[in-house]
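Dear colleague,

Please find below the structure that I am handing over to you.

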Amino acid sequence: MRVLSVLLVALSVAGSAYSQCTLNDASAANLDPTFGPTTGGDALTFNNNLGSQINIANNYNFVSNGLVQTNGGDNLVLTGTLTPTNSSLTDKFSLRAAFVRTGQPNDVKRELQNNAYTSNGGPIDPSTWSFYQILPDKSKMVSLTNPNAVVTMSENPNTALQVGTGANGKNLQNGASGWFQFKATDGSVNVQSGNGEMEVVDININLGCSSTFDCVSNTYTITKASIDKTLTDQNQEQALFVDQVSTVFGNQKRFDTSSGTVNTISIDQTNGNLRLGAGFTSLNDSSITVNCDLRFTPALPNAGYQPKLELMNSAYVSGGGSVDPNTWAFYTVNASASSCTRNDGTVITITGDQDNMFLQWGKGANGKNGNFGLSVWLSYVDAALTNPFFDINVDTVCDNNPSTSMFTLNFTISSPKNFTTIINTLSSLNITQNFTTNNYTLTYIQQSNITSLKPISSSSQSILNNISSSSISSTSVSSSSSFSLNSSSSQISLSSSSFSSKDLPETSPPTEQPTAPPATCPPGCIPAIPINNVTETPAAGNSASSIEMSKLVVAILSLFILAFFH
């Protein structure tokens, strides 16, 4: 009973969740009739009458909402497709502007009426704002119809992009604004900022949790992206495609998502990281399956980065369609934390982004249809092949009632007779099983409303250490919700990896913890540094979580008892 009570404490479960937005819609900051200034209202404005000198308009708004992607603090990327306002010009522009967090500048712009600020009794407090410095090599506007029409942007002295409530300078909403130096050309005429303060390009936007990526649970179910013949002339559809016949993939090239397994992506809102966990079954030989656990961090593409466009030209905004790649989010793979495993135990080692192509996620990003989905190209190790890679093309649908967690149990048992009882116990919980009797490894997926295990507390660690000297020969417990118990007759190791991004603030996220940025940041990486002023939205807990977790705890405790007394 003493051991059981200790384990029940150690396996306490998070029963509610919290949410933050690392993907935000960007829209033109409309003028507040009471607190706003008398001019403005567009998302982007050239303040030196640019349109009279060059075939580029003065004012622009987004065709649809733009997108602001963050990694939880250190970097911010604004993208979108811009269309002229109040102009006879019609050229649309692709906008990509990247920023890195900085300190408060000397010139904090306060463009609202004086009575809007707390210093004069109003609601807006500029001391709560965050500030970002523009990265010129990753910031550019390019015409969708005339590639020679380009605007580059750079820092305006003593100012920075300011982000927060009222920071857009036009209204009291959450938003951003910034004044930047620029150089513009339409291919024949060149114009650039002068020395005057007003000769700048001015960004004024509202920010809010993305309507496209908005998912309270931060968890999305993935399925094969079916081909839409009105948007592409492709013929083959699959969830995972291997470019060359490879022995590590069982000589199979085309896979669908597996039924009966957890196939999801989740977003860690503390740092913007994305995790894809899925099972794939060969379309030609259903006995061959591959389970993948892939980790990604927000990418920071160069200004000229071109996403993978596999649909017909007419499907995209540039060709008159509705698919806008400038509203996609991009991620780079964390190869060292990612892997795939075939059901015969073969481990597929991931080496990086294929040809520096990032995971792309958004409407039409799967390259097969116009649905909300993603595609990614990953290189892997096969010594017999040159530059092997595989790609994933899937639809993604918000799981409003997330019910996916994956757990792996590794058993080393002196008496194999216990395996029958163990498997029967797990089967009673409707668990999908794949195991090899050679090394007594059992991987199972629990389909329930489990959120995530709390890290083992120091008090629980102390209790376990105390009992280890008597009934257990050795005990180790880690904050990653994994532990092992050894007795003279058997060893049981339990490790858990949750595919749900629902965590209490006091718990550790299921993904790897943010670390300090390396001295040299490899291409595409973004150091994960927490951001201030991020609104947290509590999500309702689900009572089914505790019920299902209780079943799991009982089952695990039963396994411990079996191991200790057989």
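The notes below concern the disulfides and then the salt bridges. Please bear in mind that this is a predicted model.

Disulfides

The count of disulfides comes to two. One of them joins cysteine 215 to cysteine 398, with an S to S distance of 2.1 Å. This pair links distant parts of the chain, 183 residues apart: cysteine 215 is in the loop between strand E14 (201-209) and E15, while cysteine 398 is in strand E26 (residues 389-398). The torsion about the S-S bond of cysteine 215 and cysteine 398 is about 80 degrees, so this disulfide is right-handed. Cysteine 215 is buried, at 4% relative accessibility, whereas cysteine 398 is partly exposed, at 23%.

Cysteine 292 and cysteine 340 are also joined by a disulfide, with S to S at 2.1 Å. Cysteine 292 belongs to strand E20 (residues 289-298) and cysteine 340 to strand E22 (residues 339-342), so the pair ties together parts that are 48 residues apart in sequence. The torsion about the S-S bond of cysteine 292 and cysteine 340 is about 110 degrees, and this disulfide is therefore right-handed. Both cysteine 292 and cysteine 340 are buried.

Salt bridges

Searching the whole structure gives five salt bridges. Among them is the one between glutamate 237 and lysine 224, whose side chains meet at 3.6 Å, N to O. Glutamate 237 lies in the loop between strand E15 (219-224) and strand E16 (240-242), and lysine 224 lies in strand E15, so the pair ties together parts that are 13 residues apart in sequence. Glutamate 237 is partly exposed, at 25% relative accessibility, and lysine 224 is likewise partly exposed, with a relative accessible area of 22%.

Lysine 109 forms a salt bridge with aspartate 107, and their closest N and O atoms are 2.9 Å apart. Lysine 109 has a relative accessible area of 12% and is buried; aspartate 107, with a relative accessible area of 24%, is partly exposed.

A further salt bridge connects arginine 295 with aspartate 293, the closest N and O atoms being 3.1 Å apart. Arginine 295 and aspartate 293 are both buried. These residues also take part in a network of salt bridges that links Arg275, Asp293 and Arg295.

With kind regards

Key
Residues numbered from 1 in each chain as written. Predicted model: local features only at pLDDT ≥ 70, side-chain atom pairs only at ≥ 80, totals over all residues. Heavy atoms only, no water. Salt bridge = Lys/Arg side-chain N within 4 Å of Asp/Glu carboxyl O. Buried < 20%, exposed > 50% of the residue type's maximum accessible area, 1.4 Å probe, protein only. Helix = DSSP H or I, 4+ residues; strand = E, 2+ residues; numbered from the N terminus. Disulfide = S-S within 2.5 Å.
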